[in-house]
Amino acid sequence: METGKAKLTVLFDPPFWVGLFEREHGGRYEACRVVFGREPRDFEVYAYVLDRYSRLAFSPALPAEPGQARDPNPKRAQRLARRQTLPAGIGTKAQQALQLQWEENKAERRVLSREAREAEEARRFRLRQEKRREKHRGR
């Protein structure tokens, strides 16, 4: 039986509040960053997860580190829970996943802007050619 994990961290990344969604499934790790703006309340975060989780744009999958096969003892579990509630910020694995997603989006934007620029140049060239033809039409 295969299991998955999902984790949401809400943190203040000046000047906005940011939500960091992380998920592991099938040995793959993915992350997504969402900007909330002002500080979200608990019910707003819950509603956001229910409404939009399926439409989030997660980063490309990275190989996940193997997890523990069994539950830790209660004291260790309490220590881990306390450590996770401390304001630690974004983890390095999430940063790597988000950086990879950012680079892919950047490459896509470059391609689209290049195509738009070339189309605009072609349109201007056609306009210039039409003007030249109109000027010499009567001779």
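This is a predicted model: local features need pLDDT of at least 70, side-chain atom pairs count only at pLDDT 80 or more; totals for chains, interfaces and linings use all residues.
User: What is the average pLDDT of the protein, and where is confidence lowest and highest?

Analyst: The term pLDDT denotes the predictor's confidence in each residue, from 0 to 100. The protein averages 85, and 91% of the residues score at least 70. Confidence is lowest in strand β4 (residues 62-63), with a mean of 80, and highest in helix α3 (residues 92-135), with 91. Helices (H or I, at least four residues) and strands (E, at least two) are DSSP runs, numbered from the N terminus.

User: In what order do the strands form the sheet?

Analyst: Strands of a sheet pair through backbone hydrogen bonds, either parallel or antiparallel. Two strands count as paired if DSSP finds at least two bridges between them. Here 4 strands form an open sheet in the order β1-β2-β3-β4, with antiparallel pairing. The edge strands, β1 and β4, each pair on one side only.

User: How many bridges join the strands β1 and β2, and how many join β2 to β3?

Analyst: Strand β1 (residues 4-13) is joined to strand β2 (residues 16-25) by 10 bridges, and Gly4 stands opposite His25 in β2. Between β2 and strand β3 (residues 28-37) there are 9 bridges, and Val18 stands opposite Val35 in β3. Both pairs run antiparallel.

User: How many salt bridges does the structure hold, and with which residue does Lys7 form one?

Analyst: Side chains of opposite charge can pair when their charged atoms come close. A salt bridge here is a side-chain nitrogen of Lys or Arg within 4 Å of a carboxyl oxygen of Asp or Glu. The structure holds 6 of them. In one, Lys7 pairs with Glu22, and the closest N and O atoms are 3.9 Å apart. This pair links distant parts of the chain, with Lys7 in strand β1 and Glu22 in strand β2, 15 residues apart.

User: Which other residues form salt bridges?

Analyst: Among them, Arg38 and Glu44 have their closest N and O atoms 3.2 Å apart. Arg38 is exposed at 57%, whereas Glu44 is partly exposed at 26%. Salt bridges that share partners also join Glu120, Arg123 and Arg124 into one network. In a further salt bridge, the side chains of Arg23 and Glu30 meet at 2.5 Å, N to O. The charged end of Arg23 also sits over the ring of Phe58, 3.8 Å from its centre. For that term, NZ of Lys or CZ of Arg must be within 6 Å of the ring centre and within 35 degrees of the ring normal.

User: How many aromatic pairs are there, and which residues form the aromatic cluster?

Analyst: Rings of Phe, Tyr and Trp (its six-membered ring) pair if their centres lie within 6.5 Å; planes under 30 degrees apart count as stacked, over 60 as edge-to-face and the rest as tilted. The structure holds 5 aromatic pairs. Phe21 and Tyr48 are stacked, because their ring centres are 6.3 Å apart and their planes lie at 25°. Phe21 lies in strand β2 and Tyr48 in helix α1 (residues 42-52), so the pair ties together parts 27 residues apart in sequence. Phe21 is buried at 3%, and Tyr48 is buried at 15%. Tyr53 and Phe58, with centres 5.8 Å apart and planes at 70°, form an edge-to-face pair. One aromatic cluster is formed by Phe21, Phe36, Tyr48, Tyr53 and Phe58.

Notes. Residues are numbered from 1 along each chain as its sequence is written. Side-chain values use heavy atoms; hydrogens and water are left out. Buried means under 20% relative accessible area, exposed over 50%, partly exposed in between (1.4 Å probe, protein chains only).
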